[in-house]
Amino acid sequence: MCRIHGSFHARTTAQEMRHVAALQHHGGPDAQSFAQQSGWALGNNRLSIMDPEGGAQPYRLGDITVVFNGELYNHDRLRTELIRQGFHFEDRCDGSILPALYLTYGERFAEQLDGMFSVAVMDLRRAPRLVIATDASGMKPLYYHWEERSGRFHFASELPALLGFTDVRPYEDELGLHTYLSAKTPFGQRTMFRGIDVLPPAATAVVTREAGLRLCTRRMGYESAPPVAEERSLAHAGEELRELLACEVSRLLVADAPVAAITSGGLDSSLVTALAARSLHDRGASGALHTFNIAYTGDWPGDERAFAAEVSRHTGTVHHQVEIDPATFPDLMGDVVRHLGQPNADPITLSTFSLFRAVRDAGFKVALTGDAADELFGGYARMTQALAAPEGADWAGAYLDHLAAVPRALRDELYTAEYAELVLSPGMSPMPPGLTDMLAYGTGSRLQRICRIEQRYRLPAYHLRRVDHLSMASSVEARLPFCQPSIVRYAATLPDQHRTVPGVGVKRALYRAAEGLLPDSVLNRPKQPFTLPITAMLAPGQRLWAMARDVLSPQALRSDGRLRYEAVDALFAEQAARPSDSVSLALWALMSHQMWRSEFFGRSAGRAPRTRELAVATG
């Protein structure tokens, strides 16, 4: 696991490469290195997980130079095949195979990889070219800036690091506020910065001086799944899923560094914990699995520590109960905003950041999580509501509104007339092209279409980037069994009745897979999101309330010019009189956005670009 960065067709100095590396040092504190020649540079920050004594980057083989971020779980098999073809390897580090793999398969090398990764290859044979690729789920993001006119190309694993290049300047995408409030973070390739994109999942980009940037997408995991097997019983599906998950969890436990598990007390992370504990026991490992749960000082709704502790007792793990004081949240928010690089409207960001910091403080560099199960198996309430909507109802529009940090009706009240005119202009959709049509009119059942949208757009943008950035902020590698290709493909083969049926249950095959492995109290408990109880915390007298009032002051909002300060003030009054999840999330989202602008634009954050200028910024 590492952080990578580099440039092509640009005059990048050694000092500049070291500066960018320093900006993402937390993601790779064990070693820093780079390779550089006229017109290109590749850099790496290493977090040593596999073969700590070997695996020095950049990897070189003849005219091929590679830097790599991630973990490859099939590297042993690939190494054996490459050795048969005559290649030789000095160590057993997973990334060491990449130059030989590229020489063998060319630009399609990423199709051979099983794991989470972002890779950059500098190919100096014939016409020099830069090839970058990402994994099929988007677990390891890669941000880039390409100037079409000059041909300059820069990339990095994190947005603040990318902005460390001299040629990459931060300019706000004015439509970004609307996009953010509509989806809690930009979907697709878009970021909150004008001119900066993120490579989508299952993508390979090729950059040359002659042809510029060429982007190709591979098939995502669910797209390569066999047809739905209607005849499979629910009990049989549960057994198959349990076997697949057990295999993937066992593979993801392999590391040359201490491995722990995140246990929220819900189904998904608890099942991963149970399978990991059983795998370690079966292989005769010395010592039990260590598990981590987070809770908050005081008496707050939604506390899951009792369920997590029960899972620990049931599975025989060494349990760590992390507790943080909500009074520290205002101080944490600055760190979280900086590490994410762009606003994410989920309050769980503070908890995630604190939890992984505790994992690292306890001496662990790897943590297994239960992320992505809801997207694969239909676990969200918004999915059930969409499935229960009668024919003829605008279920797709209601579903998209559930994705928003601020629902459409409330956004209409918040925007100034000037900003509303911009965002309602033709071609100014906050969603990527084709998303709405894919959801409402695409092939497959209603649930299949919803799960595709979740996996293609929301999961990588809103969920996986958050997990990656906030775990690596503390030098911890998060491993996600549910994002493994075999699990993604299997979920796509399940008939709807084995995933979610309104009035019957959600994630039905997954619950069957967990039977006998988890306590009944965990299996039978009502589902609740793993999040921060901000409705209770964002109240008069609490530090978060005072902070939100300060950040969203009338002066700041008037200076920005896009939000009506009277409407925001009305939200505070509503939250004080009648606290609700929708209003508290709206205030949290607005506060997070304003803090992001202050972090990355400083004094210039006071005033947004004029609407006349925005046609260029958003068109």
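**A guided reading of the predicted model**

In helix α2 (residues 75-84), the buried residues are His75, Leu78, Arg79 and Leu82, where buried means under 20% relative accessible area with a 1.4 Å probe, protein chains only. These residues lie on the same side of α2, because they cover an arc of only 100 degrees around the axis; the arc is that of the directions from the helix axis to the C-beta atoms. An α-helix has 3.6 residues a turn, so residues three or four places apart point the same way. The cover over the buried residues of α2 includes β5 (64-72) and α3 (98-105). After α2 comes Gly86, with a positive phi near 105 degrees.

The model is predicted: local features need pLDDT of at least 70, side-chain atom pairs count only at pLDDT 80 or more, and totals for chains, interfaces and linings use all residues. Residues are numbered from 1 along each chain as its sequence is written, and side-chain values use heavy atoms, with hydrogens and water left out. Helices (H or I, at least four residues) and strands (E, at least two) are DSSP runs numbered from the N terminus.

An open sheet comes next. Its six strands follow the order β2-β3-β1-β9-β8-β10, with antiparallel pairing; two strands pair if DSSP finds at least two bridges between them. At the edges are β2 (31-37) and β10 (196-198), each pairing on one side only. From one strand to the next, the twist averages 15 degrees. Seven bridges join β2 to strand β3 (residues 40-46) in the antiparallel sense, and Ala35 stands opposite Leu42 in β3. Helix α1 (residues 14-23) packs on this sheet and touches β1 (2-8), β2 and β3, contact meaning heavy atoms within 4.5 Å. The direction of α1 makes about 150 degrees with that of β2; axes are lines fitted to C-alpha atoms, for helices over the stretch in contact, and angles run from 0 to 180 degrees between N-to-C directions. Helix α17 (residues 446-472) also packs on the sheet, touching β1, β8 (143-146) and β10.

The loop between α17 and β17 (477-479) holds Ser474. Ser474 counts as buried, because its relative accessibility is 10%. Leaving aside residues up to four places away in sequence, Ser474 touches Phe353, Phe356, Arg357 and Arg360.

Elsewhere, the axes of helix α9 (residues 329-340) and helix α26 (residues 581-601) come within 10 Å and cross at roughly 70 degrees. Residues making this contact include Met333 and Val337 of α9 and Trp588 and Met595 of α26.

Methods:
Buried < 20%, exposed > 50% of the residue type's maximum accessible area, 1.4 Å probe, protein only.
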